[in-house]
Amino acid sequence: MPKGWIAIFASSALAAGTAGCSKPLPQVGAQTESPSGTAAAVPDRYLPEYAEDGSLKLPKNWRTWVYLGSPFTPNALNNGEASFPEFHNVYIEPVSYAIYKETGEFPEGTIFFKELQLALPGEYPDGSRIEPSGRGYFPGAYNGADVAVKDSKKYASTDGWGYYNFNHHEPKAATATPRPREECASCHIAGAKKDDVWTQFYPLLDDLSLD
């Protein structure tokens, strides 16, 4: 993401709370001037969408969001029974990330999307295989998704975050209901570095000086 957009995103989303600023801030969806002098639209913030029954809808266009990283815990390195044997391709909604980068806090409505991706079949006991680049682990088919949403009031019983499973297989579910505290939240509460988020595994979240 270009550095200029980060400031634009954060300013737009925070405008409502900065009435005392001496300089007006651009509104989300408004026009702003790019470095080249041409008009550019400030993207809208994507917020959680809920179905009539209260379930969370599968977020849209997550692969265009800010990519954070892909932790991987293969079965072969975990006695054949890893809790999450896939690559975890983790994304954060872009405007929420911009606000976090500006303030150091995840705003209400932040969405994290974790797309699961299987590794290609291994050729060695440790699950690795040989490809032209060398021996290692290589991503294969997609395998479902998990989503986390921040809403301190709605998810008070799970420490302010709602955790959703959109299937651990394909196709992904169209909607999902919150997982119980002992299934997801308890692990995040016990081990995640900041605000129940595993920022220690994602440099873009752990070091706000990075562009």
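Guide: Let's start with Asp195, which is partly exposed, at a relative accessible area of 27%. On that scale, buried is under 20%, exposed is over 50% and partly exposed is in between, using a 1.4 Å probe and protein chains only. Keep in mind that this is a predicted model: local features need pLDDT of at least 70, side-chain atom pairs count only at pLDDT 80 or more, and totals for chains, interfaces and linings use all residues. Residues are numbered from 1 along each chain as its sequence is written, and side-chain values use heavy atoms, with hydrogens and water left out.

So who does Asp195 pair with? Its side chain meets that of Lys150 in a salt bridge, 2.8 Å from N to O; the term means a side-chain nitrogen of Lys or Arg within 4 Å of a carboxyl oxygen of Asp or Glu. This pair ties together distant parts of the chain, 45 residues apart: Lys150 is in strand 9, while Asp195 is in the loop between helix 3 (185–191) and helix 4 (203–206). Helices (H or I, at least four residues) and strands (E, at least two) are DSSP runs, numbered from the N terminus.

Strand 9 has another charged residue worth a look. Asp146 and Lys114 join side chains in a salt bridge (3.4 Å, N to O). Here too the link spans distant parts of the chain, 32 residues apart, with Asp146 in strand 9 (residues 139–150) and Lys114 in strand 6 (residues 111–119). Both Asp146 and Lys114 are buried.

Those two strands are also partners in a sheet: strand 6 and strand 9 pair in the antiparallel sense over 7 bridges, where pairing takes at least two DSSP bridges between two strands. Glu115 has Ala145 of strand 9 as its bridge partner. The open sheet has 5 strands in the order 4-5-6-9-10, with antiparallel pairing. At its edges sit strand 4 (66–69) and strand 10 (161–165), each pairing on one side only. From one strand to the next the twist averages 25°; that uses lines fitted to C-alpha atoms (for helices, over the stretch in contact), with angles from 0 to 180 degrees between N-to-C directions.

Back to charges: Lys172 and Glu170 form a salt bridge at 2.8 Å, N to O. Lys172 is buried, at 15%, whereas Glu170 is partly exposed, at 36%. Through shared partners, salt bridges join Arg63, Glu115, Glu170 and Lys172 into one network. The whole structure holds 12 salt bridges.

And the nonpolar side? A nonpolar core is a set of buried Ala, Val, Leu, Ile, Met, Phe, Trp, Tyr and Cys residues joined through side-chain atoms within 4.5 Å. The largest one has 16 residues, and Leu68, Ile92, Phe106, Phe112, Trp161 and Leu205 have the most contacts inside it. Both edge strands of the sheet, strand 4 and strand 10, are among the elements giving two or more residues to this core, as is helix 4. Apart from it lies another core, of 15 residues, including Trp62, Trp65, Phe166 and Ala173.
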